2 protein chains.
Amino acid sequence: MKVAIIGLGLIGGSMALALREKQLASEIVGVDANDIHQQKALELGLVDKVMDIDSAISFADLIILSVPVDIANKLLPKLLLSLNNQVVMDVGSTKNAVCELASNTVNGKRFVATHPMWGTEFSGPAAAVKGAFTNKAVVICNKENSDADALEFVEKIYHNLGMHIIYMDAAAHDLHAAYISHISHITSFALANTVLEKEKEDEAIFALASGGFESTVRLAKSNAQMWVPIFMQNKENVLDVLNEHISQLRKFKSCLEKENFEYLAELIENANTINRILK
Amino acid sequence: MKVAIIGLGLIGGSMALALREKQLASEIVGVDANDIHQQKALELGLVDKVMDIDSAISFADLIILSVPVDIANKLLPKLLLSLNNQVVMDVGSTKNAVCELASNTVNGKRFVATHPMWGTEFSGPAAAVKGAFTNKAVVICNKENSDADALEFVEKIYHNLGMHIIYMDAAAHDLHAAYISHISHITSFALANTVLEKEKEDEAIFALASGGFESTVRLAKSNAQMWVPIFMQNKENVLDVLNEHISQLRKFKSCLEKENFEYLAELIENANTINRILK
């Protein structure tokens with residue numbers, strides 16, 4: 001199988017590593033608008049060649065779209081129009097807009113909408129991680145809109161990568177992603193800004209930062225170019241969750257203000273039950 | 001050196017392991033109100049013996065107070081009164097109240113107020129971690145209120161444990177701890193409750209939880225018995241930070257509502273600079 005990866009970042013790069021490790025690709029070509037990323041991806045052996053997008057599309061059996069979700073939606077219609085029965089899959093964090101776009105475009109049935117549930121706060125090809133997807137979940141959305149052979153082709157790849165496939169309606173995916181991923185990023189960004197606001201006044205905070213802080217703000221290092229389009233595309237869901245989160249924070253605030261420490265303990269004990277969700 | 005550890009939880013237990021590993025204690029006795037914790041600490045070899053508090057005090061050269069901060073403040077005056085020139089150190093997450101208490105009590109100069117900047121979301125003696133404190137920071141507060149020999153004794157122990165000592169005024173410690181630790185816990189608890197609120201409606205969220213979510217809500221597993229007293233004692237600072245955090249979240253909300261994606265990118269890029277604080 002010849003693979004074209006459009007977008008040689010964290011996910012595209014890690015996908016290249018995974019396909020190579022499992023010997024699923026005979027050749028991998030890369031497309032990236034960023035010269036430095038192209039160069040780095042070649043250096044790291046993520047891809048065999050760098051090509052322009054048109055050459056890559058006609059070369060490949062499988063095209064993986066791993067660019068930020070706004071750029072994915074810009075590229076997809078043109079990309080679908082150039083297809084000659086190849087399969088296209090995306091790996092973006094929002095699915096509703098891209099699925100709608102595909103279903104309204106010629107060759108849209110060659111597209112399979114996927115979201116591998118893995119990522120880190122780092123970006124670019126140098127951030128690619130070996131074995132990243134093994135034993136992780138991947139969501140495939142609106143599978144009824146894909147050709148049976150295209151769907152099967154993508155399912156096989158994820159199966160061979162050791163991933164557990166979950167099928168979901170694109171709108172449901174975006175709602176759940178808002179709760180399970182997008183809000184975590186917003187709270188991390190906001191927490192980082194809270195601390196940075198304070199830190200202007202005092203450097204002592206540097207010395208004290210320890211493990212708990214680090215894990216809570218880890219996601220705050222995440223890239224704006226990736227996340228702004230996600231928040232844009234999933235605006236309504238993210239706003240719903242953000243409102244709920246602010247109201248949950250207000251409960252803690254009210255407990256403190258009123259010194260209602262029994263209710264505070266209840267809130268914490270309820271939060272402890274999150275254990276059920278974390279694997 | 002004979003050591004009494006009052007409170008055989010995560011920190012007390014890890015301290016026992018560290019003192020043994022560095023061969024700093026000839027004998028370690030433990031005190032704990034919880035029979036199961038007593039038994040577990042003996043089983044795990046954290047302590048050589050379990051004693052009642054009075055026997056432990058008269059037995060030991062060093063008394064480590066590693067109970068939740070409300071219980072520490074209850075035990076401290078009585079404990080100080082029973083001293084016969086031994087040294088007492090606490091390891092609590094708030095320092096202002098305990099320092100004030102010590103400075104108003106007989107033998108208060110035998111007390112050294114410390115806060116090792118390490119912890120996990122787990123509790124109890126079984127959660128104790130070997131080598132937990134190595135290369136971590138420890139804050140010593142209001143050192144001028146401790147006898148020179150008591151201070152030096154405690155400094156030596158932390159030095160031998162491989163810790164980096166930071167000296168700080170107790171009030172400043174509590175302010176910084178609110179920013180660097182206490183708010184992280186509140187945001188994690190609130191985020192867990194946000195997701196749990198939603199999850200009542202839909203189980204799909206379980207399947208999707210991935211690494212980013214896990215790290216952001218990790219602290220939500222933390223124990224209410226430990227954290228409610230911390231929030232109580234540090235109420236004013238925690239409220240200040242919580243208000244700042246809510247106002248930072250509102251900026252994200254407003255960006256989404258107004259579709260001001262340029263400012264959203266700015267907020268994220270500002271958050272990215274948290275990299276400077278994380279080691």
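Let me start with Thr194(A), which sits in helix α7 of chain A, residues 170–199, where helices are DSSP runs of H or I of at least four residues, numbered from the N terminus. This is a predicted model, in which local features need pLDDT of at least 70 and side-chain atom pairs count only at pLDDT 80 or more, while totals for chains, interfaces and linings use all residues. Side-chain values use heavy atoms, with hydrogens and water left out.

Thr194(A) counts as buried because its relative accessibility is 0%, buried meaning under 20% relative accessible area with a 1.4 Å probe and protein chains only. Leaving aside neighbours within four places in sequence, Thr194(A) is in contact, that is, has heavy atoms within 4.5 Å, with Tyr179(B), Val241(B), Glu244(B), His245(B) and Gln248(B). With the side chain of His245(B), the side chain of Thr194(A) makes a polar contact at 3.2 Å, the term being used for a pair of N or O atoms within 3.5 Å, of which, within protein, one must be able to donate a hydrogen and the other to accept it, and residues adjacent in sequence count only if both atoms are side-chain atoms.

The same surface serves both copies, as 100% of the contact residues of chain B recur in chain A.

How values were computed:
Residues are numbered from 1 along each chain as its sequence is written. Chains are lettered from A and ligands numbered from 1 in the order in which they are written. Helices (H or I, at least four residues) and strands (E, at least two) are DSSP runs, numbered from the N terminus. Buried means under 20% relative accessible area, exposed over 50%, partly exposed in between (1.4 Å probe, protein chains only).
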